[in-house]
Amino acid sequence: MKEITITFTLNDKQVSATTSPNRLLVDFLRKDLGITSVKKGCSEGECGACTVICNGKPITSCTALAGQIHGAKIITLEGLRRDGELDILQETFMDTGAVQCGFCTPGMILSAKALLMENPNPGQEEIRRAMSGNLCRCTGYTKILEAVSLAADSPEGGTDGSE
Ligand code: FES
Ligand code: FES
C-alpha cells in the first residue's frame, strides 16, 4: 500500500512523517513516534485510555487513522508540562490520590483538559459528562472527579499552558 505523508503539530512542534493510509492513530503516536502516554486499552472507542486532544477536542485515537490528523493540532500528556512545571490537572490528580495503576490517567487528564480549555468554569454535571467516556478499573471515580473540580477552581485551570 502506498505510504502517505502527514504534517501536523504535536505538542507545539511541527511533525512531518510518512505512514500507511490504514495506520491507526494510536499506533502511529505510540509505536512510531514514541508517545507512550497514549495507551491502548479496548481498541473499540469505549475506554478512553487512548484519548488525545485534536484541535481542542478529545478524540479516541484507536478509532482514528493517522492520516486524519494531517494539518491538525494534537496535544498529548507529554505536551502539558511547561518549563518543568506540571499542569494543574497533573497536580490535582496527584494531590487527591486519583491515580492508582495510572493506565487510564493520561486519557482522563486530556479529557479534563479539553473541557477546561473550552469551559474554564464547568459545573459538576459538565465535568461528569466530559469524563463519561473514560473508564478506570482501579480508583473509582470520586477522586478523579474531585481532581478535575479542584483544577477547575484553580486560576490555571482553563489555560492550555501556551500563554
Ligand atoms: S483504546 Fe481507544 S477507547 Fe479504548
Ligand atoms: S488508575 Fe488504574 S485504570 Fe485508572
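Biologist: Between which two strands is the loop that holds Asn 55?

Modeller: This is a predicted model, in which local features need pLDDT of at least 70, side-chain atom pairs count only at pLDDT 80 or more, and totals for chains, interfaces and linings use all residues. Residues are numbered from 1 along each chain as its sequence is written, chains are lettered from A and ligands numbered from 1 in the order in which they are written, and side-chain values use heavy atoms, with hydrogens and water left out. Helices (H or I, at least four residues) and strands (E, at least two) are DSSP runs numbered from the N terminus. Asn 55, which has a positive phi of about 50 degrees although it is not a glycine, sits in the loop between E3 and E4.

Biologist: Asn 11 also has a positive phi, so is Asn 11 buried or exposed, and at what relative accessibility?

Modeller: Asn 11 belongs to the loop between E1 and E2, and its phi is near 50 degrees, a positive value in a residue other than glycine. Buried means under 20% relative accessible area, exposed over 50% and partly exposed in between, with a 1.4 Å probe and protein chains only. Asn 11 therefore counts as buried, at a relative accessibility of 17%.

Biologist: Which strands stand at the edges of the sheet?

Modeller: The sheet is open and has 5 strands in the order E2-E1-E5-E3-E4, with mixed pairing, where two strands pair if DSSP finds at least two bridges between them. Each edge strand has a single partner strand, so one side of it is left without a neighbour in the sheet, and the two edge strands are E2 (13-19) and E4 (57-60).

Biologist: Inside the sheet, which residue of E5 stands opposite Ile 53?

Modeller: Strand E3 (residues 51-54) and strand E5 (residues 73-75) run antiparallel and are joined by 2 bridges. Opposite Ile 53 stands a residue of E5, namely Ile 75.

Biologist: Which strands are included in what covers the buried residues of helix H1?

Modeller: Helix H1 spans residues 25-32, and its buried residues are Leu 25, Val 26, Asp 27, Phe 28 and Leu 29. Gly 34, with a positive phi near 75 degrees, follows H1. The cover over those buried residues includes strand E1 (4-10), E2, E3 and E4.

Biologist: How far apart in space are Thr 63 and Glu 44?

Modeller: Thr 63 lies in the loop between E4 and E5, and, leaving aside neighbours within four places in sequence, Thr 63 is in contact (heavy atoms within 4.5 Å) with Glu 44 and Gly 45. Thr 63 and Glu 44 are 19 residues apart in sequence, yet the C-alpha to C-alpha distance is 6.7 Å.

Biologist: The side chain of Thr 96 reaches which backbone oxygen?

Modeller: Thr 96 lies in the loop between helix H2 (88-95) and H3, and Thr 96 is buried, with a relative accessible area of 10%. Beyond its neighbours within four places in sequence, Thr 96 is in contact with Lys 143, Glu 146, Ala 147 and Leu 150. At 2.8 Å, the side chain of Thr 96 reaches the backbone oxygen of Thr 92.

Methods. Polar contact = N/O pair within 3.5 Å; in protein donor to acceptor, adjacent residues only side chain to side chain.
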